[in-house]
Structures are given as C-alpha cells and as structure tokens.
Amino acid sequence: MMKRRDFITLLGGAAAWPLAARAQQRERVRRIGVLMNLAEDDSETPIRLAAFVRGLQELGWTDGRNVRIDTRWGAGDVELFRKHAAELVALPSDVILATGSPVVRALQQATGSVPIVFTQVPDPVSDGFVETLARPGGNTTGFTTFEYGMSAKWLELLKEIAPRVTRAAILRDLGIAAGSGQLGAIQAVAPSLGMELSPVGLRDAGEVERAVTAFARGSNGGLIVTGSTAAVVHRELIIMLAARHRLPAVYPFRYYVSGGLISYGPDSIDPYRRAALYVDRILKGEKPADLPVQAPTKYELVVNLKTAKALGLEIPTTVLARADEVIE
C-alpha cells in the first residue's frame, strides 16, 4: 500500500504539472524568417547571417532552442523573392528579416501584418516601404544603406585617384528609387569636375557586359558602381570587366575590393547585428510602426594596391592616409 507521505508527494507533483505546462507554453519557439537577396553560395551570405545570428544570441535568442530561423535565398531573382516571401508568410513567421529593396517589395506584397525588418535599402520612403524615417507606420522598419549626397563622393574619389579620367559609366538599377537618386547626386557634381557621365543599366548580365564594353571603346574612362541588389549580384562580372578594359572603378562596399580597386561606403555587416535588436524588440511586443528607420553609423574607405598596380595607377598618399584598410 502507498504510504501517506508518498501519496502527498505524488499529489504535490501532480499539482505542479499544469504550472510546468504553462511555463513551457510561455517559452514557445518563435519563428524568424530571413529572405536574402543573394545566392546561398555567395561569399557574403554566411557573413551576414552569422552577424545576425550572433546578435540574436547576445539578446538571448538561440536557433533550435527558443527560436527557429527559416532562411531563403533569392539570388537577385524577382520571381524567387515572391515565391519565398509567400512561403515565409505562410509558415507563419513572427518577424521577417529582408535584405534589399526588391525583397522588401515582395514581402510587402505578400503581407500587410507580419513585421518586416530590412537592411541594405537606400531609400525606403521613396520606394513606399515606410511613411517617414522617424515614424515608419505599417509593418516595416529597418536600416538604410546611405543618403544620396554621399554618392557624389564616389565621383570625386574617382577623379582623385585617376586624374586623367574625364568619362564615367554609372552603373545603377532603375528598378529602385535609389537608382535615380544616386545618379542625380553624381550628376550634380560632374560639371565642376569636368566629367561626362554615361548611365548603364543593371537589368541582367548581358546588358552590363554590352554597355561596359561599348563604353570602354572610348578613352579616359572609369566606372562608378552605385548601391543595389543587382550590382551586388553582378559584382564579379563588373570587377572582371573593369580589369579587362583597364577601367578605374569606385565601388559602394568593401566586399567589392577583394578584386576591385577602391570602395567607399557603410559597413555592410553592422546593419545585421543592429537588425537583431529590432527583431528582439518586435518579438517582445513592440511594433515596427514605432521603431524609427536608422541610418549607417560607420563608413569605410578601402583600397586595393594590387589592383591599382595592375591598372598602372599610383594611389595618392592623401587617399592612403584616409583609408581604413589598404590591401597589398
């Protein structure tokens, strides 16, 4: 027969079961969707994801324990963005991290309620993603790439490192508001620098190769690559064309300078760490509409001297002195 003390202990344990069940329910696993604008095997993809995951871990979210991260890759393909956006919304996701303007557009078409936190978006207001930077409204907020005025610095930098250049091909994506905005800022300073500009589209690889090849038939030319998903997807082709045609080129992010000449722009990884904080706040009950869109906090100038030597360029000491990193 069961002793009275054992029976009381059993009853006490039984009474605790609902409490344990409720505690487990409170600790339910949350789902975070991630839709990247790059391919899964792109060298930048794991770096960006690692920064985001590390940021979440620092805030107490661990994949496989109290959160599940569902990742999709679009490789610059608009149809894939739409397909994956619908999948992540249907899971359902509690919040979705979106990289690049085309990705945000696809997600906003798929949902008006699931919170979206973006990175790598130059102009979320003109693209219609948010109402204002201070008060985004709706279900979307995040981190911008840069303001248009800094685009003029790319042309100034090109003229500084290659004084003989009098013509510049501007690679930009007309499918996003930033394509026109960045080009406009560059056009504003071109006359004072004695520069003739030739806009080049980024619709597909064929368009890029034909336009750059045609441009390179003239003399004293250089390239400026503006910030966009299309430019990132085609960056290896662009770097190869610049080398083949011996065109000095200025790029918007550091990762171009693994083979490219020079870059000036914001830290491309930091927004993913910062995005983890917004995701954390949303999972804890805050609304994207109340979280202001934030601008970059760090810019960096990177120079590749090996590429400069191959182009026969002597980088001025004034530029080298300002550089955050010099690749030799």
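Asp70 is found in strand E2 (residues 67–73); helices (H or I, at least four residues) and strands (E, at least two) are DSSP runs, numbered from the N terminus. This is a predicted model, in which local features need pLDDT of at least 70 and side-chain atom pairs count only at pLDDT 80 or more, while totals for chains, interfaces and linings use all residues. Residues are numbered from 1 along each chain as its sequence is written, and side-chain values use heavy atoms, with hydrogens and water left out.

Asp70 is buried, with a relative accessible area of 6%; buried means under 20% relative accessible area, exposed over 50%, and partly exposed in between (1.4 Å probe, protein chains only). Leaving aside residues up to four places away in sequence, Asp70 touches Arg31, Ile32, Gly33, Val34, Leu88 and Leu91, where contact means heavy atoms within 4.5 Å. From C-alpha to C-alpha, Asp70 and Asp267 are 25 Å apart in space and 197 residues apart in sequence.

Helix H3 (residues 78–90) packs with helix H4 (residues 101–110) at an angle of about 50 degrees, and their axes are 8 Å apart. Axes are lines fitted to C-alpha atoms, for helices over the stretch in contact, and angles run from 0 to 180 degrees between N-to-C directions. On the H3 side, Phe81, Arg82, Ala85, Ala86 and Val89 meet Pro102, Val103, Ala106, Leu107, Gln109 and Ala110 in H4. Within H4, the residues Ser101, Pro102, Val103, Val104, Ala106 and Leu107 are buried. The cover over the buried residues of H4 includes strand E1 (30–36), H3, strand E3 (95–99), strand E4 (116–121), strand E5 (140–144) and helix H8 (229–233).

An open sheet with mixed pairing is formed by 7 strands in the order E7-E6-E8-E9-E10-E11-E12. Two strands pair if DSSP finds at least two bridges between them. Strand E7 (196–200) and strand E12 (325–327) are the edge strands, each pairing on one side only. Direction ignored, neighbouring strands of this sheet are turned by 20 degrees against each other on average. Strand E9 (residues 249–251) and strand E10 (residues 262–266) run parallel and are joined by 2 bridges; Tyr251 has Ser263 in E10 as its bridge partner.

| Helix | Strands touched | Angle between directions |
|---|---|---|
| H7 (residues 205–215) | E6 (167–171), E7, E8 (221–225) | about 175 degrees with E6 |
| H9 (residues 235–244) | E6, E8, E9 | about 160 degrees with E9 |
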